[in-house]
Amino acid sequence: MILTTREAATELGLSPFAVRKMVEREELVPIIPGAKPLRFHLLDVADAQARRVSKADAARLDAIAEEWRALG
């Protein structure tokens, strides 16, 4: 399935602007780089979402670990 920037943003829970920033940072690769409008494979969007969640979880776990270190 092919998604537009707006559809990819909806899947990711982000704004279309944030999706374009992800493309600039090479966190999400469009089907044809540099093409306008941007189009994405659903599986690539799902992979990007999994990486986003993993980074967020890692940051939360790091914060929790830091709090535990401060306690003991």
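**Figure 1. Overall dimensions of the predicted model.** The protein has a radius of gyration of 16 Å, whereas a compact globule of 72 residues would have one near 11 Å. This radius is taken over C-alpha atoms, and the globule rule is 2.2 Å times the number of residues to the power 0.38. The C-alpha atoms fill a box of roughly 55 × 20 × 15 Å along the principal axes. The protein holds 3 helices and 2 strands, in the order β-α-α-β-α. Helices (H or I, at least four residues) and strands (E, at least two) are DSSP runs, numbered from the N terminus. Residues are numbered from 1 along each chain as its sequence is written. In this predicted model, local features need pLDDT of at least 70, side-chain atom pairs count only at pLDDT 80 or more, and totals for chains, interfaces and linings use all residues, while side-chain values use heavy atoms, without hydrogens and water.

**Figure 2. The buried side of helix H2 (residues 16–24).** Val19, Met22 and Val23 are the buried residues of H2. They lie on the same side of H2 because they cover an arc of only 100 degrees around the axis. The arc is that of the directions from the helix axis to the C-beta atoms. Phe17 and Glu24 are exposed on the other side. Buried means under 20% relative accessible area, exposed over 50%, partly exposed in between (1.4 Å probe, protein chains only).

**Figure 3. Neighbours of H2.** The buried residues of H2 pack against H1, strand S2 (39–41) and H3. Contact means heavy atoms within 4.5 Å. Just after H2, Glu26 has a positive phi of about 60 degrees.
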